[in-house]
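Here is a protein to go through by question and answer. Each answer sets a value against the definition it has to meet.

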Amino acid sequence: MGYMDKQIVPQNDEALIDAYSQSIAAAVDTVGPAVSRIERVGGRQGHGSGFAISPDGLIITNNHVVDDAKVVRITTPDGFVTEGRVLGRDVDTDIALIRANTSTGAWAKLGDSQHLRRGHIAIAIGNPLGFEWTVTAGIVSALGRSMRAASGRLMEDVIQTDAALNPGNSGGPLVSSGGPLVSSGGEVIGVNTAVIQGAQSIAFAVASNTANFVVSEILRYGQVRRAFIGIAGDTIVLPRRVALVAGTVQTTSVRIRRVEADGPAAKGGLQEGDYILAIDGSPVGGVDDIVRLMDGSRIGRDTEILVFSVAGRIEKKILLPMARS
């Protein structure tokens, strides 16, 4: 008899374990068929994972998976092989977009990563170390992490998970299942991007909202155009006193962690510790909102930033965002 024997596991616990297993299996059944093995064609050899996000063969992966390749080979779980071209890449978020030469069949839905909470189930699907279409599961360990991209810039709003990731998982989907704000069938909440060598149960994924923004920019412009204001910030729970003073119902915001010298934010009077509440009247509930709102259309245009300042009052600051080089 094992520890999971029905005589040992209480009936209620057995039901919970079964529900957990069914939840993961449902998510894998939904998203798994959309996951592909991505191999570079020409240039330096290498491979990773990717996943289709549309029925016509749009595939998301990591920038470091495609590297310098213009063409990649795509293999689906049912053994179908085709090639695709790299439509665009963004080294600052480690996201690349591929257009397959033909439909790859199944496709997955990008969820809203702003609704994630620590403790939500996190499921990684990919091709680690040559073991194709491997599934691992854990939880969302933390939100709003920052990590250094290959360009040297900080990637903001990164998801930390303890789902086991290894080389080859890069570019594959991180899926959430069973949470109250996501579908029980599973949605992609992140793009697996990195592990810390030598660490256990610490891995990272680019948030799905950031990936969605990058995809939209590549499809529209062929590259990601950004307005740069020169801050680093964290998504935080908005203190009740701040919400009352601001007269807002939003529960989260962005607190400025660093202001770059001589940048638009510094020139506009923003300071470390300020809470950013809105940009041109649009509420800011998290770092991904700033990423979305600071698009190329704001470059060189006066932009109003509503903040709760370190001085303890609501202030409006006018910034002139620059093009991000």
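Q: Why is the pair Asp90 and Arg226 called a salt bridge?
A: A salt bridge is a side-chain nitrogen of Lys or Arg within 4 Å of a carboxyl oxygen of Asp or Glu. In this predicted model, the side chains of Asp90 and Arg226 come to 2.4 Å, N to O, so the pair meets the definition. Side chains of opposite charge can pair when their charged atoms come close.

Q: How do you know whether Asp90 is buried or exposed?
A: Buried means under 20% relative accessible area, exposed over 50%, and partly exposed in between (1.4 Å probe, protein chains only). Asp90 has 6%, so Asp90 is buried. Arg226 has 8%, so Arg226 is buried.

Q: Which class do Arg257 and Asp234 fall into, buried or partly exposed?
A: Arg257 has a relative accessible area of 29%, so Arg257 is partly exposed. Asp234 has 21%, so Asp234 is partly exposed. The two form a salt bridge, with the closest N and O atoms 3.0 Å apart. Arg257 is in strand β15 (residues 252-259) and Asp234 in strand β14 (residues 231-237), 23 residues apart.

Q: What makes Arg37 and Glu132 a salt bridge?
A: Their closest N and O atoms are 3.6 Å apart, so the pair is inside the limit for a salt bridge. Arg37 is in strand β1 (residues 35-41) and Glu132 in the loop between β7 (121-126) and β8 (134-148), 95 residues apart. Arg37 counts as buried because its relative accessibility is 14%, whereas Glu132, at 39%, counts as partly exposed. By this rule the protein has 12 salt bridges.

Q: What is called the largest nonpolar core here?
A: A nonpolar core is a set of buried Ala, Val, Leu, Ile, Met, Phe, Trp, Tyr and Cys residues joined through side-chain atoms within 4.5 Å. The largest one has 33 residues, and Phe51, Ile60 and Ile123 have the most contacts inside it. Helix α3 gives the largest share, five residues.

Q: Which residues is Phe51 in contact with, leaving aside its neighbours within four places in sequence?
A: Contact means heavy atoms within 4.5 Å. The partners of Phe51 include Ala34, Leu58, Ile60, Leu110, Pro173 and Val191.

Q: How many of the residues score at least 70 in pLDDT?
A: pLDDT is the predictor's confidence in each residue, from 0 to 100. The protein averages 85, and 90% of the residues score at least 70. Over residues 1-7 the pLDDT is below 50. Residues 178-184 also have a pLDDT below 50. Where pLDDT is low, the predicted coordinates should not be read in detail.

Q: What rules lie behind these values?
A: Residues are numbered from 1 along each chain as its sequence is written. Because the model is predicted, local features need pLDDT of at least 70 and side-chain atom pairs count only at pLDDT 80 or more, while totals for chains, interfaces and linings use all residues; side-chain values use heavy atoms, with hydrogens and water left out.

Conventions. Helix = DSSP H or I, 4+ residues; strand = E, 2+ residues; numbered from the N terminus.
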